[in-house]
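Subject: Structure for you to look over

Dear colleague,

Here is the structure I said I would pass on. My notes on what was found in it follow below.

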Amino acid sequence: MATEPGNVNEFRELARQVLPKMYYDFYTGGAEDQHTLKQNVDAFRRIMLRPRVIVDASKIDMSTTVLGYKISAPIMIAPTARHQLAHPEGEVATARAAAACNTIMVLSNMSTCTVEDVASSCNAIRFFQLYVLKRRDISAQIVHRVENNGYKAIVLTVDTPRLGRREADIKNRMVAPQLRNFEGLLSTEVHTDKGSNLEALVKGMYDTSLSWEDIGWLKSITNLPILIKGVLTHEDARKAVEVGVAGIVVSNHGARQLDYTPATISVLEEVVHAVGGRVPVLFDGGVRRGTDVFKALALGAQAVLVGRPVVYGLAANGERGVRRVIEMLKDEFELTMALSGCPSVKDITRSHVTTEFDKPRSML
């Protein structure tokens, strides 16, 4: 890279410079009017910090645990598809960067590297994101491969009975490579005369009948803890706890599914209150600064997941680019903790932020 980025947002332009337009649009785009896509980021700007002063900031401890696994900071790598479109080493490079940063990567079901290749690339804690397919036997085989290769949890995405209308992909007639996780099991090669090949692929593969009762089926085929990703309401949060999930990821799929859903940061607290501490709540959507990480934790998240910036870093400079993205967010988060008077993650509380919905605080 000719010029080292000064913050995570600058990796997006570097990615634009090196990626074919079709792939850049695939990674950056959202559904329909992309209203929620914009709101995911903008909603953070409406949350203000309330720092405490005269607090010993000589030692800042960012470490935390997720499902009992210790990580260096509450910043994880979200599941995003087809990393080899961004860089030849694909998810293997991303996994190595996650290991170097001592954090957890959630490998996408739609990865371009196999679960085995990623598992053998480095020694690290990693989770696996799952879509339930119409061919349940194939989903079961993939879950067993994941378990046998040392992955520590299943993150079940539940907001995709059909693919959202991603108009850039339709206009570009998006074409994606075969997915190696399905080799010998299922063809992922699709040809269509209308719109995006991805839309046709999802329509043919994903199980649109998935219901709450199927969480029991998934629990019956694996001993791994199951988190569900895609919860936005207190009703679904309570239902998730009732069916026995091990955790919840508040997510609107990076605003790629249903437009005009709320920004995830605006509903995080609703989900946290509904769960009532019974399972951990993770957060996904719009994190671009260390202050965003701090705000999400103050509103009750145990950790955040970062998606697009990781892909931009991968496109810009492979494994090193991903490492720099995570390191930048960690550095900013550490500084925010210090300046807010929070020596450790457990010191971050709801009183450290104010939102547009908070009542004015009484003045002495």
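A search of the whole structure for disulfides, meaning pairs of cysteine sulfur atoms within 2.5 Å, finds zero. Cys-113 is in no disulfide, and the nearest cysteine sulfur, that of Cys-122, lies 11 Å away. Cys-113 is buried, at 3% relative accessible area. Cys-342 counts as buried too, at 1%. Buried here means under 20% relative accessible area, exposed over 50%, and partly exposed in between, with a 1.4 Å probe and protein chains only.

Some notes on the source. This is a predicted model, in which local features need pLDDT of at least 70 and side-chain atom pairs count only at pLDDT 80 or more, while totals for chains, interfaces and linings use all residues. Residues are numbered from 1 along each chain as its sequence is written, and side-chain values use heavy atoms, with hydrogens and water left out.

Overall picture

The protein has 13 helices and twelve strands; these are DSSP runs numbered from the N terminus, helices being H or I with at least four residues and strands E with at least two. Its radius of gyration is 20 Å, close to the 21 Å that the globule rule gives for 364 residues, so the protein is as compact as a globular protein of that length. The radius is taken over C-alpha atoms, and the rule is 2.2 Å times the number of residues to the power 0.38. Along the principal axes, the C-alpha atoms fill a box of roughly 65 × 50 × 40 Å. Of the 364 residues, 57% count as buried. Contact means heavy atoms within 4.5 Å; of the contacts with a separation of 6 or more, 72% are between residues 24 or more positions apart.

Two strands pair if DSSP finds at least two bridges between them. Strand 4 (residues 75-77) runs parallel to strand 11 and is joined to it by three bridges, with Met-76 opposite Leu-305. Strand 10 (residues 281-284) is also parallel to strand 11, again with three bridges, and Leu-282 stands opposite Ala-303. From strand 10 the chain passes through helix 12 (residues 290-298) to strand 11 in a right-handed β-α-β crossover. Right-handed means that, with the strands pointing away from the viewer, the path from the first strand over the helix to the second runs clockwise.

Asp-284 is in strand 10 and is buried, with a relative accessible area of 8%. Leaving aside neighbours within four places in sequence, its contacts include Ala-78, Lys-229, Thr-264 and Leu-305. Ile-154 is in strand 7 (residues 154-157) and is buried at 0%. The C-alpha atoms of Ile-154 and Leu-227 are 6.2 Å apart, although 73 residues separate them along the chain. Beyond its neighbours within four places, Ile-154 touches Phe-128, Val-146 and Leu-227, among others.

Helix 2

In helix 2 (residues 21-28) the buried residues are Tyr-24, Asp-25, Phe-26, Tyr-27 and Thr-28. Their cover includes helix 1 (11-18), helix 3 (35-42), helix 7 (167-172), helix 8 (197-205) and helix 13 (308-340).

Regards
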